[in-house]
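Biologist: I'd like to learn how to read helix packing and sheets in a model. Can we walk through one together?

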Amino acid sequence: MRIEIDERSGFCFGVVRAITCAEEALQGGGCVYSLGDIVHNRVEVQRLEGLGLQTVTHAEMPTLGGKRLFIRAHGEPPTTYLRAQELGIEVIDATCPVVAALQRKVKAAYEQMESRGGQVVILGKRGHAEVVGLTGQVADRALVVERMEDLEQIDFTRPIHFLSQTTQSIALFEEMAREMRRRHTHPDEVEVDDTICRQVANREGHLAEFARGYDVILFVAGRKSSNGKVLSEVCRAANPRTYLVEEASEVDPGWFEGAESIGICGATSTPKWLMQQVAEAIR
């Protein structure tokens, strides 16, 4: 049986940067507190916990005075930094540069729309850390849409500035943009700002091609990974025999009946070593 791991799967630049930053902070000893899971992959989080990284919530911030608080690649709203300053917390900021640039764009778009009586609309997953950070730039005054049905909340008589969470589907973003322009009383007042990260988005076409090249696909990702859900569905559309697993122990031998080739791939939050463990489990 041929078992191959997709060379282009695994951590994106922003996640590599954040994990490297955390490892460097932990090398000097002592504890570092991560505000939320550093990456949406439970197994990788457990590995970093073994090095001294502890995951905390916003509600626990008052107990962290004088300690080090890690801001993950997803970013945070301005209120988090202000709160940390008030509490005397040392902040280690590992916000992905792509996300940080998008935060600035959302703020600038809101200021422009406010002066024109318009609205900022963001394609994203409500409650996702990146989206919370984005809407927090404008005191939660941006509209968040997840699916076509959510367009009902938009006022199509007012100007629109449409942006996206960095890990969303390009196809969905483009479909929504077309529909907004179709519905708007003045289509030229819909400003479409494609802010999807191409290091993530460009994987869609590659993964579809990769998935078609094997009898069975194992997509390795944390169940909390938004990017993992999107990319695993890309694989499943190209190859119905696609299975999502979080770790090697979930592999079911029954999936491989009659298969001569197995492809293993993963999300931008999936470490290479975890995909290798899955390959070994199959062997």
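Biologist: Is the crossing of α4 past α5 left-handed or right-handed?

Modeller: First, this is a predicted model, where local features need pLDDT of at least 70, side-chain atom pairs count only at pLDDT 80 or more, and totals for chains, interfaces and linings use all residues. Residues are numbered from 1 along each chain as its sequence is written, and side-chain values use heavy atoms, with hydrogens and water left out. A crossing is left-handed if the near helix is turned anticlockwise from the far one by less than a right angle, and right-handed if clockwise. Here α4 passes α5 in a right-handed crossing. Helices (H or I, at least four residues) and strands (E, at least two) are DSSP runs, numbered from the N terminus.

Biologist: Which residues make the contact?

Modeller: Contact means heavy atoms within 4.5 Å. From α4 come V99, L102, Q103 and V106, and from α5 E130, G133 and L134.

Biologist: Now the sheet: what is the strand order?

Modeller: Strands of a sheet pair through backbone hydrogen bonds, either parallel or antiparallel. Two strands count as paired if DSSP finds at least two bridges between them. This open sheet of four strands runs β7-β6-β8-β9, with parallel pairing.

Biologist: Why is one side of β7 and of β9 left without a neighbour in the sheet?

Modeller: β7 (143-145) and β9 (190-192) stand at the edges, each with a single partner strand, so one side of each has no neighbour in the sheet.

Biologist: How many bridges join β6 and β8?

Modeller: Five, in the parallel sense, between β6 (residues 119-123) and β8 (residues 160-164). V120, for one, has H161 in β8 as its bridge partner.
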